[in-house]
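Student: I have just opened this entry and would like a short walk through it. Could we go over it together?
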Amino acid sequence: MGKYRIEILSEGGKDVLNVEGCKSIEKYTVEEIKLELNRRKLTVFGKGLNMPVLVGGNLCIKGFVKSLEFSDEAEKRKTK
């Protein structure tokens, strides 16, 4: 499985997620951002979410984060 890294910070009263190793962005709204990280998916739920920085496989998500959800795509494929 490929490598990825997630760093969670607070900046000016908002949450900041620095994500390294992102392969693609599957969904992007102000309340939900879904990312593909090799064979895993990361969904970020919150309010006022935005991605002011996106360079290669590295991105930054800012806003008010309510929760993070990981799913394993390899396991989903096995059960289908």
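Student: How many salt bridges does the structure hold?
Tutor: The structure holds five salt bridges, a salt bridge being a side-chain nitrogen of Lys or Arg within 4 Å of a carboxyl oxygen of Asp or Glu. This is a predicted model, in which local features need pLDDT of at least 70, side-chain atom pairs count only at pLDDT 80 or more, and totals for chains, interfaces and linings use all residues. Residues are numbered from 1 along each chain as its sequence is written, and side-chain values use heavy atoms, with hydrogens and water left out.

Student: Which residue forms a salt bridge with Arg-5?
Tutor: Glu-20 does, with the closest N and O atoms 3.1 Å apart. Arg-5 is in strand 1 and Glu-20 in strand 2 (residues 14-20), 15 residues apart; strands are DSSP runs (E, at least two residues) numbered from the N terminus.

Student: How many bridges join strand 3 to strand 4?
Tutor: Four bridges join these antiparallel strands, and Tyr-28 stands opposite Ile-33 in strand 4. Strand 3 and strand 4 form a hairpin, with three residues between them.

Methods:
Pairing = 2+ DSSP bridges.
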